[in-house]
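Please have the viewer open as you read.

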Amino acid sequence: MFHLCGLFLILLAATATAQTGEGLLLTTVPPQPVRIPAEFEPMQAVIVDWRMIESGDIYKCIAEDVKLILPYDSDGRYKEMQTLLPTYGVNMDNCEFYSVKMMGTPRDFLPWFMFINRSQPAFIHNDGTVPEYFWEQGYPIYDSGLPVQGGDFMTDGQGTAISFPWIVDLYAMLYEGTDYPLMDRVLDYWGIHTYHIISNPEIKGVTIPPHIDCLAKFLSPDTILVLRYPSSNPLCERTEAAAAYFGRQISCYGTPYKVLRLDVQDEEPYINSLIVNRRVLVPIVGEDTDDGALAIYRNAMPGYEVIGITNAHKDRSLWEPFYALHCDTMGIADEQMLYIHHIPLLDRPPAAEGFPIRAEIEAYSGTEFVDGTPIVLWRTEPDANESTASWNTAAMAQDTESGDHRYLACIPAQPVGTVIQYYLEAKDASGRDETHPYIGPAQAHTFTVTTLGANVSAVSAKKGGTVELYINTGANHAQQGYRLAYSVIADANATEVLPETTVLTGFEGTLDDLGIGAARLTFPEPLASEWVGRSLRFSLELDDQRSAVPDTVSIRVLE
């Protein structure tokens, strides 16, 4: 019943959105490029549904860090907020209140914040009505024509999103016979180029969970947290299938997703959490399982403050298995964020100048960088005899040949076998201080210095891709010829014959005067099904066979 009612409500809203709210929605394609920020990016505000959350902790917590925005639909509710919030210790100077004619769930029915034309703030409307508050912000508001509720959408902020199949079914009903495919529209209006649709079959006539935010959560661009039920729970099969699916996909870093698990016993709402800058607010229910769930978050997100949020009324938790904290809130990204985009280095040898660290960095506030930033902070991983190691600094300079807002720094070359940790930092005159990864040194990027390395560790069988291999054997092997040998392995103990194909090229060459070389492998789409789930293992052979090169590179072929 829930599934059918949900479909009806979404379909009803989607058929009448062009003139909702106080203004006229823009139906044209937004100026490109378009980007919807991830939940773990810098936030400036959080909208909270006062009707559903009685915990004073969440209001106090949010208002300590960002604007707390509270809609209300009656004078009585407004007076109630004004009376109770100060008793919770809430910073009232950091609160905004706005009147609405009809209340809806913030996560599902309010417009989403996005950037258009790379760095200009805007809202994208998908479902429900647009309250006057959003028009007052002065941003353009676009109508996507895409029938999806906010709880059934999560993104990594880099063009990948995940939903359940409702959007596919409804889009087919709304646009039957048109020549505007779903994937073209999500690219145009959301900037989504990779859209994972996760199966959500019915159990006993009910589709549970109703939204993706009740099943999984992006913790970072390459990490997804997925529920895990006991084998006795009917939902176990579905969550295991979802975790296995994500494990076969490739992150925006060119690596397999890190799929972490969040154990629940009986549909506890722990996955329905909210990330607000450097805090993670987790709904808890006052049971023994709470501590285990909070520990999982803390282990998965070092550097974050993980806070358990109760929502009790007369000794009964108001959190529901598939309706909790995340459903009743919606974050608004920082419109003037200091944006850092960087693809972390994987294990590799140094180039002639060391290890180049490239990034796109832009102050959306329009202010200048300050305090000698942007910079790369790096160190070699402390060994067993060291408690800490100090961070070294490498200044980043503009890399104009790579495009606007591009910066480059180089970590000096280190001996083979060295483990290097690093992170990026930038500050601007608006007072913003950001790092990559977002949480900074607690989750610093890490790679090992090798003789042979690559820019990615996985390729997609469906989409194909390019792998760049890097070689540095040292000046002792200058001008030597090299070859790349390979094998295909299904698991750690099996070696198989490569399927009949000629897609692999660029396997030989001559090292330069420093003993450095490179090779590029192109995988056309699609690869044969026999490749999926296997790994290509590459090893380096030199003309001087007396010189052993122990390092190998493994590239997984995923869906």
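Is tryptophan 190 buried or exposed? Tryptophan 190 counts as buried because its relative accessibility is 0%, where buried means under 20% relative accessible area, exposed over 50% and partly exposed in between (1.4 Å probe, protein chains only). Tyrosine 195 has 11% relative accessibility, so tyrosine 195 counts as buried too.

A word on the basis: this is a predicted model, in which local features need pLDDT of at least 70 and side-chain atom pairs count only at pLDDT 80 or more, while totals for chains, interfaces and linings use all residues. Residues are numbered from 1 along each chain as its sequence is written, and side-chain values use heavy atoms, leaving out hydrogens and water.

Now to the aromatic pairs. Rings of Phe, Tyr and Trp (its six-membered ring) pair if their centres lie within 6.5 Å; planes under 30 degrees apart count as stacked, over 60 as edge-to-face and the rest as tilted. The count by this rule is 25 aromatic pairs. Here are two examples.

| Pair | Centre to centre | Angle between planes | Type |
|---|---|---|---|
| Tyrosine 133 and phenylalanine 134 | 5.5 Å | 85° | edge-to-face |
| Tryptophan 190 and tyrosine 195 | 6.1 Å | 75° | edge-to-face |

Tyrosine 133 and phenylalanine 134 are both buried. One aromatic cluster includes Tyr133 and Phe134, with Tyr98, Phe113 and Tyr364 also among its members.

Charges meet rings as well. The charged end of arginine 185 sits over the ring of tyrosine 175, 4.7 Å from its centre (the rule: NZ of Lys or CZ of Arg within 6 Å of the ring centre and within 35 degrees of the ring normal). Arginine 278 lies over the face of tyrosine 438, with 4.6 Å to the ring centre.
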